[in-house]
Each structure stands twice: as structure tokens, then as C-alpha cells.
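Please open the structure in your viewer and keep the selection panel at hand. The tour below goes stop by stop, saying what to select and what is there.

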Amino acid sequence: MAAILSPSSPIISSSATTTACKTPTKPPHSSLFTPTKQSLTSLLTATLATTTLLTASPSLAEPAQTYHIYYGTAASAANYGGYGGNSDKKASAEYIYDVPDGWKERLVSKVEKGTNGTDSEFYNPKKRTEKEYLTFLAGFRQLAPKDAVLNNLALSDVDLQDLLASADKVASEEKKDDKGQLYYVYEIDGVGSHSLISVTCANNKLYAHFVNAPTPEWNRDEETLRR
């Protein structure tokens, strides 16, 4: 590497008759960095810290959704309230369904229960329009044809009426559980929302379980909602 010359040291003497020969001075030390033991230690520490940050970043995966069972009694409006001896829902339950942990229960009023038969409802506190609820109507011994059942449900459910009116697709099928109980299952794909409905008859009642969500939440939570 070339040495840097000092501007105060002339190369040629100012005398015209004699030439000054000087003993060459030692070139300056190289300007290259010479690592010491301490600097190597600091460099190694910084490298290890960087490696740790790159390789030990926290996992971004969300924990698996867990659920709990809701026990529904399908009590009439006259007997509704949960007071006295009817507090043990598990012992007197007529139906059950899974609820995602973290969802909140909404208290159903006697007016709702008496008009559209809503018996229970849960919602996602992060998005209240993402919800599930169950309605029941007395006086039904068996299921009518699938189209008739869905239209009858819409008579007492304004939201369902709007969803059907703007639906891009309505699918329906029949299913039986391991005990042979028959269910109608509907899936409605609307303009801005999605709905799953399961309907069956038992105990001289018609039970309808709804799972509703806006389209963005449906796309995000489809696995949970289908469960």
C-alpha cells in the first residue's frame, strides 16, 4: 500500500549547487484496521446477537381455537328467566352446540323468545355481527320440504329475508346423525355475508341453528364457523 506523504517535508533542497540527500524516513504505519483481541470479542458478540435476532424470532402462528358446549333448554317465553329450580341447564337441556371460547352470550329477551323463538345467542366480541343463535317453534311433528322450511323461517327473521333476497347462491342438503335424526342443512352465500343453518324436528318442536358472519370474517374464520 502506498504511503501518504507529508506536505511539510520537501523532496529537493532549495540550494542550487548542492543536492541534499536525506536518509529516507520510515513510511507511516498502514491505515488498515488491525483487530485486537478486545475488538474481535466485541465483533463476535455483535454477530451472535444478530444471529439470535434472526433465528429466534417468535412464532406468528395463532393458537388453535377451543370450544365449549352450550346446553339449551328451549323454554317457553312464559317459563323463561332461569330463576328457581330450572338453573341446571345441563340436566334439562333439549339441545347442545359448540361455542368458540372467547365468544360472549347475549341475553335474549322474552319479547324475542315470544315473537321469533330465539332461545340462545353468542357473538364474537371482536365483531358482533359474527354470531350463532338457535330458534325453536312449537307444534311441528316433522320437517316439511326443504324450500318450504327455509321460507317459513324467513317469515320471522328479517335478517334472513334480506340475506335470501340478495343471495348469490343457496345450497341445501339432508343429513342424519348417528342416531338417525334428520337435519336440513342450508348454506347461503350473500353479497356481503354468509350463513349456515341447520334445522330439525324433535319433541314436537322445530329447532333452527344459525351461524352468520360478514364475508371478510367468514373467509378468515371459516373453519371455526363451520364447526
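In which sense do strand E7 and strand E8 pair, and over how many bridges? Select residues 182–189 for E7 and residues 193–202 for E8, and you will find them paired in the antiparallel sense over six bridges; strands here are DSSP runs of type E with at least two residues, helices are runs of H or I with at least four, and both are numbered from the N terminus, while two strands pair if DSSP finds at least two bridges between them. Within this pairing, Glu187 has Leu196 in E8 as its bridge partner.

Before moving on, note that this is a predicted model, in which local features need pLDDT of at least 70 and side-chain atom pairs count only at pLDDT 80 or more, whereas totals for chains, interfaces and linings use all residues. Residues are numbered from 1 along each chain as its sequence is written, and side-chain values use heavy atoms, with hydrogens and water left out.

Now widen the selection to the open sheet, in which seven antiparallel strands follow the order E3-E4-E5-E9-E8-E7-E6. At its edges are strand E3 (104–105) and strand E6 (169–176), each of which pairs on one side only.

For the aromatic rings, select Tyr70 and Phe122, an edge-to-face pair at 5.1 Å centre to centre with 70 degrees between the planes; rings of Phe, Tyr and Trp (its six-membered ring) pair if their centres lie within 6.5 Å, and planes under 30 degrees apart count as stacked, over 60 as edge-to-face and the rest as tilted. Tyr70 belongs to strand E1 (residues 67–72) and Phe122 to strand E4, 52 residues apart. Tyr70 counts as buried because its relative accessibility is 8%, and Phe122 likewise at 4%, where buried means under 20% relative accessible area, exposed over 50% and partly exposed in between (1.4 Å probe, protein chains only).

Finish at Arg227, which lies over the face of Tyr67 at 3.9 Å from the ring centre; a charge sits over a ring if NZ of Lys or CZ of Arg is within 6 Å of the ring centre and within 35 degrees of the ring normal.
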